[in-house]
Amino acid sequence: MKKIRLSSIRRAVLALLFAYVLFASISSDAGEWYARYLYPAISKFLSRFSSFVSFSLDEFAVIGMAFLLVAYPIYRWKYKGKKWISVLGGEIELLLWIYVWFYWGWGMNYYRFNFFQRAEVHPVAYDEVCFQQFLAAYTDSLKTTFEMYEKEQGSSSVSKLAASRLLLVDQGVEETGVSVARIQNQIKGVFARVPANYGLALPESYQHPKCSSFNSLYSQVGVLGFMGPFFAESHVNHELSELEYPFTYAHELSHLLGISSEAEANFWAYTVCTQSDDSFIRFSGYFGLFSYVWSNARYLLSPDQFEEWKQSVPSEIVDAFYRVHAYWSMRYNQTLGEAQSVMYNFYLKRNRIAAGQKNYAQVIGLLLSLPNYQLELPMGS
């Protein structure tokens with residue numbers, strides 16, 4: 001009798017959790033309530049728990065779940081003598097618990113209000129004059145930051161940064177002149193200044209990106225970082241260049257703080273990095289946006305206009321852009337990459353990101369919707 005009662009309670013809890021996920025999927029109010037009032041506490045608990053180990057719990061959780069989904073029904077049918085209907089029911093319940101864990105652990109952030117609603121601004125339609133003004137403002141800031149960084153660090157430092165690999169072994173190892181801990185602390189400090197109306201959780205000192213146990217596989221499909229939803233773990237690729245690290249880290253940290261949209265994660269990475277006190281982090285912010293500005297400019301401008309803009313960008317920056325692109329192209333496996341792209345597009349579209357992977361480049365649209373193409377954060381104390 002006790003056994004039946006416990007199973008009934010378990011299934012009732014599962015039904016309630018599952019019902020709220022379904023409700024949030026049709027009600028942005030419910031999704032936003034989760035993101036603002038439940039997710040911060042959930043993510044702190046999960047990331048605090050996962051912080052006690054240096055490896056990714058999420059990766060091994062996924063492997064364990066896949067094994068359990070295969071082995072558990074075999075065990076119940078072959079060794080416990082359960083009927084197929086009971087085995088099927090157990091398998092469905094196991095799938096539902098994984099589904100609920102994913103969405104309650106992080107995934108319901110897909111169902112919150114979008115950036116425009118939280119920022120109280122309206123999306124802008126494409127206007128050539130407005131885009132040209134944004135392009136000029138961005139390019140001026142890019143050049144100014146580049147010149148300041150080069151002056152502080154010495155000539156050709158940007159080329160060296162684009163060629164140098166961090167090859168992170170753990171959080172305490174710095175194999176290059178770039179201090180990973182300092183970058184993380186600086187970026188967390190800026191994120192802590194984001195106004196409350198944007199609904200981001202506050203970063204914690206124990207939240208550090210994990211290094212993947214399968215890093216070469218991620219490099220082969222062009223993944224520079226990802227969010228682990230089961231244990232609130234952000235991840236960054238071991239093989240990032242020094243120049244890419246601050247922007248990528250800030251992008252992944254924004255996911256951990258409750259942002260699901262890739263465009264908005266790019267927006268926060270750009271905003272936070274470019275408002276840092278550190279010239280290296282600021283330049284990484286402008287450089288991190290460069291590929292999206294480049295692709296938008298190439299698509300929207302005439303060939304002559306694009307070439308004129310390209311010539312206005314310091315050649316060292318263009319060279320670093322080509323160098324970084326060539327490096328990841330050499331690592332890319334087309335078969336694996338295309339398969340991953342199909343699955344990830346399906347995943348994003350299933351979770352309200354209608355543009356799929358094209359959502360990354362939509363960061364420019366977010367910036368164009370803001371006065372002066374930027375969000376000014378309050379100064380630190």
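Predicted model: local features only at pLDDT ≥ 70, side-chain atom pairs only at ≥ 80, totals over all residues.

Q: Thanks! Where is Tyr111 found?
A: Tyr111 sits in the loop between helix 4 (84–105) and helix 5 (115–119). Helices (H or I, at least four residues) and strands (E, at least two) are DSSP runs numbered from the N terminus. The C-alpha atom of Tyr111 is 5.5 Å from that of Ser28, although 83 residues separate them along the chain.

Q: Zooming out, how many helices and strands does the protein have?
A: There are 16 helices and two strands. The protein has 381 residues, and 51% of them count as buried.

Q: And how much surface is there, and what share belongs to carbon and sulfur atoms?
A: The accessible surface is about 19,000 Å², with 62% belonging to carbon and sulfur atoms. Such areas come from the Shrake-Rupley method with a 1.4 Å probe, and for residues only the protein chains shown count as cover.

Q: What about contacts, what share is between residues 24 or more positions apart?
A: Among contacts with a separation of 6 or more, 76% are between residues 24 or more positions apart. Contact here means heavy atoms within 4.5 Å.

Q: Switching to charges: how many salt bridges does the structure hold?
A: It holds 10 salt bridges, each being a side-chain nitrogen of Lys or Arg within 4 Å of a carboxyl oxygen of Asp or Glu. One of them joins Arg10 and Glu93, with the closest N and O atoms 2.5 Å apart. That pair links distant parts of the chain, as Arg10 is in helix 1 and Glu93 in helix 4, 83 residues apart.

Q: Which other residue does Glu93 form a salt bridge with?
A: Glu93 also forms one with Arg11, where the closest N and O atoms are 3.4 Å apart. Glu93 lies in helix 4 and Arg11 in helix 1, so this pair ties together parts 82 residues apart in sequence.

Q: Okay, what does Glu204 touch?
A: Leaving aside neighbours within four places in sequence, Glu204 is in contact with Lys44 and Lys188. Lys44 and Glu204 form a salt bridge, with the closest N and O atoms 3.3 Å apart. Lys44 is in helix 2 (residues 28–50) and Glu204 in the loop between helix 8 and helix 9, so the pair ties together parts 160 residues apart in sequence. As for cover, Lys44 counts as partly exposed, at 31% relative accessibility.

Q: New topic, how many aromatic pairs are there?
A: The count is 43 aromatic pairs. Rings of Phe, Tyr and Trp (its six-membered ring) pair if their centres lie within 6.5 Å; planes under 30 degrees apart are stacked, over 60 edge-to-face, and the rest tilted. Tyr20 and Trp104 have ring centres 5.4 Å apart and planes at 45 degrees, so that pair is tilted. Tyr20 is in helix 1 (residues 2–26) and Trp104 in helix 4, 84 residues apart.

Q: And what kind of pair do Phe134 and Tyr138 form?
A: Phe134 and Tyr138 are stacked, at 6.2 Å centre to centre with 25 degrees between the planes. Both lie in helix 6 (residues 128–153), four residues apart, about one turn of the helix.

Q: Last one: where is Phe60 found, and is it buried or partly exposed?
A: Phe60 is in helix 3 (residues 57–78) and counts as partly exposed, at 41% relative accessibility.

Technical notes: Residues numbered from 1 in each chain as written. Heavy atoms only, no water. Buried < 20%, exposed > 50% of the residue type's maximum accessible area, 1.4 Å probe, protein only.
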